[in-house]
Amino acid sequence: MFKKEYIHPNAGFSQVVVVETENTKTLHISGQIGIGSDLELQTIDTFKNLENLLTECGATFQDVVKMNTYIVHFNPEIDLPIYRKVRKDFLGESNYPASTLVGVSILGNRDWLIEIDAVAVVQL
């Protein structure tokens, strides 16, 4: 048996769906975006938004097991070092989650440069 909780539901989606069993709580975090004039600022803000949702649900970045990242007009030589630096600032230097990074032409809003969704598992 499990229970589901919807955190910050909006029109058509929730920011987080928490699935709790007897021993674990799994957080399915919707794609988060950030505000800022460039990729670095938006990436920092995106990770802050992820961190806030994790904290609210009793988790940390150490509990994240999977991340999907989407970057608009991805240029590996320029954008990857920016992304890796910010990710390291928030996640540390080891035990990274399984990750996918995809370059896309556009996200849900033309001003967004990055979107990250995540799955975290917390042992109860």
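Contact here means heavy atoms within 4.5 Å. In this predicted model, 6 strands form an open sheet with mixed pairing, and helix H1 (residues 39-56) packs on that sheet. Helix H2 (residues 76-91) lies across S4, S5 and S6. The largest nonpolar core has 24 residues, and leucine 50, one of those that touch the most other members, is in contact with Ile29, Gln32, Phe61, Met67, Ile116 and Ala118, leaving aside its neighbours within four places in sequence.

**The sheet**

- The strand order is S1-S2-S3-S6-S4-S5, in an open sheet of mixed pairing.
- Strand S1 (3-10) and strand S5 (98-104) each have a single partner strand, so these two edge strands are left without a neighbour on one side.
- From one strand to the next, the twist averages 10°.
- S1 and strand S2 (residues 13-20) run antiparallel and are joined by 7 bridges; tyrosine 6 has valine 17 of S2 as its bridge partner.
- S3 and S6 likewise run antiparallel, with 7 bridges joining them; here leucine 27 has alanine 120 of S6 as its bridge partner.
- Between S4 and S6 the pairing is antiparallel over 7 bridges, and the partner of isoleucine 71 in S6 is isoleucine 114.
- S6 is largely enclosed by the rest of the structure, because 7 of its 10 residues are buried.

- H1 touches S1, S2, strand S3 (24-32), strand S4 (64-72) and strand S6 (114-123).
- The direction of H1 makes about 25° with that of S6.
- The members of the largest nonpolar core that touch the most others are Val16, Leu27, Ile29, Phe47, Leu50, Leu54 and Met67.
- At least two residues of this core come from each of S2, S3, H1, S4, H2 and S6.
- In soluble globular proteins, nonpolar side chains tend to be buried together.

**Helix H2**

- H2 runs at about 150° to S4.
- Asp79, Tyr83, Val86, Arg87 and Leu91 are the buried residues of H2.
- These buried residues line one face of the helix, because they fall within an arc of 120° when seen down the axis of H2.
- An α-helix has 3.6 residues a turn, so residues three or four places apart point the same way.
- The partners against which the buried residues of H2 pack are H1, S4, S5 and S6.
- Glu77, Ile78 and Asp89 are exposed on the other side of H2.
- At the start of H2, the backbone nitrogen of glutamate 77 has a side-chain oxygen of asparagine 75 within 3.1 Å.

- Histidine 73 lies in the loop between S4 and H2. Although histidine 73 is not a glycine, its phi is positive, at about 50°.
- Histidine 73 has a relative accessible area of 60% and is therefore exposed, the cut-off being over 50%.
- Asparagine 95 lies in the loop between H2 and S5. Asparagine 95 also has a positive phi, of about 55°, although it is not a glycine.
- With a relative accessible area of 68%, asparagine 95 is exposed.

- Threonine 26 belongs to strand S3. Its relative accessibility of 17% means that threonine 26 counts as buried, for which the cut-off is under 20%.
- Not counting residues up to four places away in sequence, threonine 26 touches Val17, Val18, Val19, Val119, Ala120 and Val121.
- Glutamate 22 sits in the loop between S2 and S3, and at 74% relative accessibility glutamate 22 counts as exposed.
- From C-alpha to C-alpha, glutamate 22 and methionine 67 are 24 Å apart in space, and they are 45 residues apart in sequence. Methionine 67 is among the core residues that touch the most other members, and Met67 is also one of the contacts of leucine 50.

How values were computed:
Residues numbered from 1 in each chain as written. Predicted model: local features only at pLDDT ≥ 70, side-chain atom pairs only at ≥ 80, totals over all residues. Heavy atoms only, no water. Pairing = 2+ DSSP bridges. Helix = DSSP H or I, 4+ residues; strand = E, 2+ residues; numbered from the N terminus. Axes fitted to C-alpha atoms, helices over the stretch in contact; angles between N-to-C directions. Buried < 20%, exposed > 50% of the residue type's maximum accessible area, 1.4 Å probe, protein only. Core = buried A, V, L, I, M, F, W, Y, C linked by side-chain atoms within 4.5 Å. Arc of directions from axis to C-beta. Polar contact = N/O pair within 3.5 Å; in protein donor to acceptor, adjacent residues only side chain to side chain.
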